[in-house]
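Hi everyone, thanks for coming. Please take a look at the structure on the screen, and I'll walk you through some parts of it.

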Amino acid sequence: MNFRKLWLVARTTYLGQVRSTTFLVMTFVLPLIVVVVAAVPILLDERDSAATYGLVDLSGALDPSTPVSGEEEISLQRYDTEADAEQARVAGTVEGYLVVAADYLAEGTLAYHGAEAPDPSAMEGLERALRYGLAPEAPPWLHERLAEPAIWQYEALAKGARLDDGFEVTLWAMAPIALSVLFALMLTTTLNGIAPAIMREREERSMEMVLTSLRPVELVGGKLLGLSLLTITQAGIWLLAAAVALALVWINQGTGGWPDVPWHVLGWAVMLCVPGYLLYGSLAAGLGVISGGREQARQITGLLAILAVSPIWMLTSVMKAPLSPASTILSVIPTFAPVLALFRMSMAEVPPWQLWLAAVLLWVSVALAIAAVARLFRASALLYGQILSPRGILSALGTRKEGAA
Amino acid sequence: MAAIAVDVEHLVKSFGTVRAVQEVSFAVLHGEIFGLLGSNGAGKTTTIRMILDLIRPDSGRIAVLGGAFTEATKERIGYLPEERGLYRDMKLWDLMLFMGQLKGLSLAAVKERAERYLKQVDLWDARELKAEALSRGMGQKAQFVAAAMHEPDLVIIDEPFSGLDPVNTQVIRELIYTMRARGAAIIMSTHQMHQVEEMCQRILLIDRGQAMLYGELDEVRDRFSTNTVEVQLSGDIGAVPGVVSAERQNGGYRLALGDGTAPEDVLRALVNTPGVQVHRFERLRTSLDDIFVQVVGHRVETGEEEVRP
């Protein structure tokens, strides 16, 4: 294997695609659309949370100077009677109003009147105000505990990391899932481009000339590497955008410092998803070599995309018992490994040897697949646009060099 | 004698029940243009592919550039296949850099060579064009440059002049001559017999996978030539000793000579004939076209397809 030539093919393939309009749109415009679509409801929520609410205290339990504090800013307007509050709601002065029942101290009854339920964070602020109002003379430390009775600390399943915040817990639990979903997404959106890229060699009749300069495995491997690097670039940019978005959320929370990032999950994602992509890419390339045309290749590649997302159907059983023998076996099968192994990582502490086994099997499968595609490619190169017959396919796979089809 | 660049012995290749190449042997020397001839389906492309190690022979031996074909050999070979193709969405310049580097040239070297060769074939101004924007002739020249700019020791060119106008034909021919002068061995497969007559020193004619004619072009032509001369003269030819028949043709005579009669004797007799002035005297040699038709004519007419792997 001449790695210089393989790299040359990969680089040429990469540079030829990375400047294309399709790639630029998919890489930069698509995430922008996703961000805009995701941001609109958040912005609308922001507006809602800043709304004014009415408060009618029929119990007399709340101190008139009760401050209302919480994560969200709430404007609270006191009214003496429900009628006044209702009038204000109808007039649009308040979104709705909270009525502290006369028997609140005995029963704890509250009632909210409004067209829509208030934002949960706004409701949390109102509850804090109630807790504060119950003991207006209490020292500040008691007020703090009344406002926030529990500050949870979580022990992560893996690496014994100490997670201080719900954000970190979510990050650690969701990162493997998000990465496996990203992998499946990248496969389904880019696989159908691989077969045409391989078919291009045949259709543009350049193969015979190129094959006198390098081995088929260098050409096929280089093309797959170039296309994989392209996908990695795209995924990397998307992940970077997601990281920036999460960092903004973290900063917005005002927790301070930086959250613990599950780097080991990212490491395993690279170890599993890169060969996983190469494996599916090889299979797509193989289908491209033996198919009759681009349209047929797209259709067959569509079946491959179904195989790529098929682990999703197994998720229920894997999530129920992530460490069961069935889950373990499924997660080391090369075609399922990237998605299932990462999913298991989000559910349980997966023994490292199982992850290593999945990675090794994946890389071995990639090597075998590329070698097989290279043989098909060589046989196909000599057919002048004809399709390899089933016998020709078997013959090509069975011998190093052959001309018969 | 020049060193042997390609040595083929008893080459055999079958596809299923079809024997594409049968016991073919030949050698190609450094510094020569070797004509590989044959009708469609004769086995030329199969032979070329075996030389290039694209397919394996069933039996026989091939030595290329001094030994068995290796990966290193690829960088010393240039190949222009009959099936032309370029990466359509690549710029010509990028294409040259890619192909040159695949042949082992450094980036600096390939830039220098590509510029020189593109200027030589008048494609320098088109270097920023995508391959799909090139005309057929331009594309063919570009592919020739891609096959030749690493200055290989063995060049195999299949129908190098098809689709080229006379000016571009001359440009490519000059490039081929330059390669020959550098000592490269050139195997040229073509149906254009006049190009072979003009450019090749030796030929191999294959028919139905078998070697029909092999050797020096002049020897082959002599072998097929009849003892005939063509003369342009003024005056009455009369009876010339040794001439069996005289046929008027194109304002002159075609004279069939008897066995054992040397053309020089006839010329001497004509010159010495009173009232006769000889303007042109030429020994007629059978054209390669005629030889080709004689050997494989029936297959050329039926146009049978070549057996391709």
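A word on conventions: residues count from 1 along each chain as its sequence is written, while chains are lettered from A and ligands numbered from 1 in the order in which they are written. Please keep in mind that this is a predicted model, where local features need pLDDT of at least 70 and side-chain atom pairs count only at pLDDT 80 or more, though totals for chains, interfaces and linings use all residues.

So, the chains. Chain A has 16 helices and six strands, and chain B has 10 helices and 13 strands. Helices here are DSSP runs of H or I with at least four residues, strands are runs of E with at least two, and both are numbered from the N terminus. In chain A, 38% of the 405 residues are buried; for chain B, the figure is 39% of 309 residues. Buried means 20 or more other C-beta atoms within 10 Å of a residue's own, exposed means 12 or fewer, and partly exposed is in between, with C-beta atoms placed from the backbone. The C-alpha trace of chain B spans about 75 × 50 × 40 Å along its principal axes.

Now find the open sheet in chain B, where three strands run in the order β2-β1-β4 with antiparallel pairing. Two strands count as paired if DSSP finds at least two bridges between them. Which strands stand at the edges? They are β2 (18–29) and β4 (59–64) of chain B, each with a single partner, so one side of each has no neighbour in the sheet. Strand β1 of chain B, residues 4–15, pairs with β4(B) over five bridges, and there E9(B) sits opposite R61(B).

Elsewhere in chain B, β10 (residues 228–234) and β13 pair in the antiparallel sense over six bridges. In that pair, V229(B) faces R283(B). Strand β13 of chain B, residues 277–283, lies largely in the open, because zero of its seven residues are buried.

Next, helix α4 of chain B, residues 107–120. Its buried residues are V110(B), A114(B), Y117(B) and L118(B). Seen down the axis of α4(B), these fall within an arc of 100°, so they line one face; the arc is that of the directions from the helix axis to the C-beta atoms. Why might that happen in a helix? An α-helix has 3.6 residues a turn, so residues three or four places apart point the same way. The buried residues of α4(B) pack against α3 (92–102) and α5 (136–148) of chain B; contact means C-beta atoms, placed from the backbone, within 7 Å. On the face turned away are the exposed residues A108(B), R116(B) and K119(B). Just after the helix, D122(B) takes a positive phi of about 65°.

Finally, the cores. A nonpolar core is a set of buried Ala, Val, Leu, Ile, Met, Phe, Trp, Tyr and Cys residues joined through C-beta atoms within 7 Å. The largest has 158 residues, and those with the most contacts inside it include L272(A), V373(A), L95(B) and I186(B). Helix α10 of chain A, residues 263–290, gives the most to this core, with 17 residues. Apart from it lies another core of 15 residues, among them Y53(A) and A122(A).

Definitions and conventions. Contact = placed C-beta atoms within 7 Å.
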